[in-house]
Amino acid sequence: MSFANNSKRDLYGLVDRTLIPHTWFNQALSSIDQCFRVMQTCADPVCLAIVGDSRTGKSRVLEQFGYQHRPKRTKAGRVVAFLRVKVPSKPTVKGLVTLLLYALGDPASDSGTEIAKTLRLLTLLKQAKTVILALDEFQHFYDKTTHSVQHLVADWLKVLVDEAHIGLIVTGLPTCMAVIEQNEQLAGRFMAPIHLPRFDWNIAEHRAEFGGILAAMGESLSVFEWPKLDAPEIIFRFYCATGGLIGYLTKLLKQATWDALDAGRNTIGLPDLSIAHNKALVKGNILLQNGFAPFDKDFHFGLEILPLVRTIGTACEEPAKPRNGSRQPRKAKAADVLAGKN
């Protein structure tokens with residue numbers, strides 16, 4: 001097998017290096033950029049929340065903006081205009097400030113009292129000319145078990161952005177909005193949230209965006225031979241396999257390309273995608289283990305599977321069962337399903 005001038009080692013990371021932005025991704029990126037520009041002249045902190053289901057691309061938005069605004073060395077010292085950290089599970093003030101100090105390059109990030117660390121952080125933020133603080137996985141401020149908010153950490157965060165005169169970008173699951181809404185002073189600083197949606201097959205714009213992303217990914221991965229990725233039938237198969245989640249689409253494509261590279265082939269057909277789907281997404285998913293195989297040749301194109309598909313990637317992957325006496329969903333023609341007709 002020959003992959004032209006591409007080394008096998010480089011090809012393993014090809015999917016990760018491929019970014020196909022969609023409408024909502026670009027909107028989120030544009031909003032962060034606006035916040036970044038405004039905070040260089042605005043006296044009051046500007047805060048923005050980017051929310052969505054898991055695997056909708058929230059972290060990738062921060063990653064992309066961070067790539068465009070990487071830390072740099074100057075004669076005056078290290079500049080970190082965009083500071084991004086991931087909020088740990090069950091965060092504490094001391095734990096969060098330690099992460100921020102470490103991200104700024106403080107060699108003694110784990111030493112000192114909470115107050116001493118906070119004062120040191122304020123000094124370093126000023127020295128690093130930090131404009132935006134970005135906190136990923138912000139829903140960790142909300143305890144799902146007790147349905148309570150880490151108020152102490154949220155209060156500390158509000159004071160930090162005020163004292164440091166920096167903007168705040170947070171990303172997380174929809175539950176992260178409870179953290180903002182239950183802190184009146186913090187909520188007053190936030191703009192309307194930006195939502196990154198899971199693609200919905202029943203919405204024409206979503207279908208078009210998802211299909212466009214898949215086709216563009218195919219072009220970027222053209223070193224491999226794929227099924228016709230812009231064909232409605234293939235798009236629907238990929239949609240059902242991933243639940244409309246871009247993170248799962250990426251995961252599936254990575255597994256398929258890795259398998260092809262390991263097998264020494266550059267063709268990836270439906271049977272190969274079925275195997276990759278089982279490896280990457282089905283394991284541990286009880287519903288998908290139950291014979292759900294969207295890349296099989298006998299896969300049924302029916303609207304009745306869409307409620308199941310929409311549960312992929314959720315915490316509770318159990319589709320609603322019809323009530324006793326209710327009518328079952330009608331069977332639809334494959335052409336109607338692919339066109340999004342109910």
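1. Let's start with the largest nonpolar core, where a nonpolar core is a set of buried Ala, Val, Leu, Ile, Met, Phe, Trp, Tyr and Cys residues joined through side-chain atoms within 4.5 Å. It has 67 residues, and Ile32, Ile169, Trp226 and Phe238 touch the most other members. Helix H11 (residues 246–263) gives the largest share, eight residues. "Buried" here means under 20% relative accessible area, "exposed" over 50%, and "partly exposed" in between (1.4 Å probe, protein chains only). Helices (H or I, at least four residues) and strands (E, at least two) are DSSP runs, numbered from the N terminus.

2. Before you go on, keep in mind that this is a predicted model: local features need pLDDT of at least 70, side-chain atom pairs count only at pLDDT 80 or more, and totals for chains, interfaces and linings use all residues. Residues are numbered from 1 along each chain as its sequence is written, and side-chain values use heavy atoms, with hydrogens and water left out.

3. Leaving aside residues up to four places away in sequence, Trp226 touches Gly218, Leu221, Leu253, Ala256, Thr257, Ile268 and Leu273; contact means heavy atoms within 4.5 Å. Another core, of 40 residues, lies apart from the largest one, and its members include Cys47, Val85, Leu157 and Leu186. As background, nonpolar side chains tend to be buried together in soluble globular proteins.

4. Now the overall numbers. The protein has 15 helices and nine strands. Of its 342 residues, 48% are buried. Among contacts between residues at least 6 apart in sequence, 74% join residues at least 24 apart. The protein exposes about 17600 Å², with carbon and sulfur atoms supplying 52% of it (areas come from the Shrake-Rupley method with a 1.4 Å probe; for residues, only the protein chains shown count as cover).

5. Next, find the open sheet: five strands in the order S4-S5-S8-S1-S9, with parallel pairing. Two strands pair if DSSP finds at least two bridges between them. Strands S4 (82–86) and S9 (194–196) stand at the edges with a single partner strand each, so one side of each has no neighbour in the sheet. On average, neighbouring strands are turned by 15° against each other, direction ignored. For angles, axes are lines fitted to C-alpha atoms (for helices, over the stretch in contact), and values run from 0 to 180 degrees between N-to-C directions.

6. How many bridges join S4 to strand S5 (residues 132–136)? Five, and the two strands run parallel. Val85 has Leu135 in S5 as its bridge partner. Two helices pack on this sheet. Helix H2 (residues 23–38) touches strand S1 (47–52), S4, S5, strand S8 (167–172) and S9, and its direction makes about 150° with that of S9. Helix H3 (residues 58–68) touches S1, S4, S5, S8 and S9, and its direction makes about 150° with that of S4.

7. Six of its six residues are buried, so S1 is largely enclosed by the rest of the structure. Cys47, Ala49 and Val51 point one way, while Leu48, Ile50 and Gly52 point the other way. S1 is joined to S8 by five bridges and to S9 by three, running parallel to S8 and to S9. Gly52 has Leu196 in S9 as its bridge partner.

8. Leaving out residues up to four places away in sequence, Ala49 touches Val170, Met177, Ile180, Phe190, Pro193 and Ile194. Ala49 and Gly172 are 123 residues apart in sequence, yet 7.9 Å apart in space, C-alpha to C-alpha.

9. Which residues of H3 are buried? They are Lys58, Val61, Leu62, Phe65 and Gly66. Seen down the helix axis, they fall within an arc of 130°, so they line one face of H3; the arc is that of the directions from the helix axis to the C-beta atoms. Their cover includes H2, S1, S4, S5, S8 and S9.

10. Finally, check two loop residues. Glu137, in the loop between S5 and strand S6 (142–143), has phi near 60°, a positive value in a residue other than glycine. Glu137 is partly exposed, with a relative accessible area of 23%. His165, in the loop between helix H6 (151–164) and S8, has phi near 55°, also positive in a residue other than glycine.
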